[in-house]
Amino acid sequence: MRDPTSFLGEEYRELVRQDLDWKLRVLGGPSTPWCMVDGKKVLMFCSNNYLGLSNHPKLKSAALEAVKNYGAGSGSVRPIAGNMDLHMELERRLAKFKGAEASLVYQTGYAANSGLIPQLAGKGDLVVSDELNHGSIIDGVRLSLAERRVYKHGDADDLSRVLDEAEGSSTAFRRILIITDGVFSMDGDIAPLDRVAALGAEHGAMVYVDDAHGEGVLGEGGRGIVSHFRLPRDRVHVEMGTFSKAFGVVGGHISGSQDLVNFAYNKSRTWLLSGSHPPAVAAACLAAVDVLESEPEHVRRLWENTQYFKKAMVDLGFDIGKSETPITPVMVGESAKAKQLSSRLFEAGVFALPIVYPMVAQGRARIRTIMNAALTKEDLDFAIGAFETAGKELRVVPRAAS
Ligand SMILES: *Cc1c(COP(=O)(O)O)cnc(C)c1O
């Protein structure tokens, strides 16, 4: 008899053969600018911990206090017995920070997208999605019974065409939901949310933005993409985000009207059916909102570092794509070369992962760097020096720089 699990090993070995399997690096301590990765002291250049908050003393002590006063776990899902005052306070503080009527916190950003999208759009509805939207949006749309159409990446004219076509089609859609990432994580470009929101208003569609990489980064004091474009709140109906990136902890959230939040917590299956955050997580997230409000220097330093690094890399002849944010891709081309460059950088003491096919198109392999506010000028010069040496050796940039 054939082993019914034989495909597990076969498929895994095929991934290994193609060098497409994930090779886990192991952090032997906190995610700080200089950290221990696989036993080697390296400069962290690829975490989502943009502001260095994951190791901020205020977040750590808030988490410790919460363990002392509330214990290690919450005891239940939130709608039954796992809703602590810490969770409620976090939602109030987040809504205030965002300038929204209300906010709702999910276990993760993935849980927010996969739990809410299928409830916003169902049978007879249409979801219109940017072609490069995050996988958690794609999964949320897959769980929905709505029809799905994709518009060209970042292209508001193409979105307009899709919306016109939908209006002209024989079967009228009950509702239309437009969804886009705020900042796209592979290229670091920003969605044209001003135009997307205007098109939404014109067509009577809901607008949903996933601002996972924009929060703590864009807008006034890191308030995100809606603030960045100074959009009126009622133009963007769902502002979704995460506590796992710039906020330095873990957790997803949505902000918008009170009606949205009431609807979402009664309908999102991920929120209803999965345990709530341990008190330490809720307290650390609260402290993160507090730090963003009271210590604006982190966001400022993030942007200073970003500009310094981008300029130096362009001066050295590197192609950094069309990034407008602290995500700076260093374009290499072939997958094998990107992997080589990443290994050389690691040997030199800089931890930055290659992003290769199938995560990006063939021939568009890159090293994706993510800037951090806690890096010093010396750290940045160290990293730039490592890129210069390895980049010249591998002929990613000309050997004799002009
Ligand atoms: C990281 C990310 C998510 C998932 O957030 P988690 O809180 O880590 O689950 C969702 N959307 C985008 C665009 C992301 O970058």
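Let's start with Leu-120, which counts as buried because its relative accessibility is 6%. Buried means under 20% relative accessible area, exposed over 50%, and partly exposed in between, with a 1.4 Å probe and protein chains only.

A word on the source. This is a predicted model, where local features need pLDDT of at least 70, side-chain atom pairs count only at pLDDT 80 or more, and totals for chains, interfaces and linings use all residues. Residues are numbered from 1 along each chain as its sequence is written, and side-chain values use heavy atoms, with hydrogens and water left out.

Back to Leu-120. It sits in helix 4. Helices here are DSSP runs of H or I, at least four residues, numbered from the N terminus. What does Leu-120 touch, leaving out residues up to four places away in sequence? Asp-125, Arg-175, Leu-177, Met-206, Tyr-208, Val-238, Leu-260 and Phe-263. Contact means heavy atoms within 4.5 Å.

Now the ligand. Helix 4, residues 109-120, gives the largest share of the shell around it: three residues. There are 14 residues around the ligand, and Gly-109, Tyr-110, Asp-210, Thr-242 and Lys-245 come nearest.

Next, polar contacts, meaning pairs of N or O atoms within 3.5 Å. The side chain of Lys-245 has an N or O atom 2.6 Å from a ligand oxygen. For Tyr-110, a backbone N or O atom is 2.9 Å from a ligand oxygen. For His-213, a polar side-chain atom is 3.2 Å from a ligand oxygen. Taken alone, the ligand exposes 380 Å², and the protein buries 86% of that. Those areas come from the Shrake-Rupley method with a 1.4 Å probe.

Methods
Near = heavy atom within 4 Å. Polar contact = N/O pair within 3.5 Å; in protein donor to acceptor, adjacent residues only side chain to side chain. Helix = DSSP H or I, 4+ residues; strand = E, 2+ residues; numbered from the N terminus.
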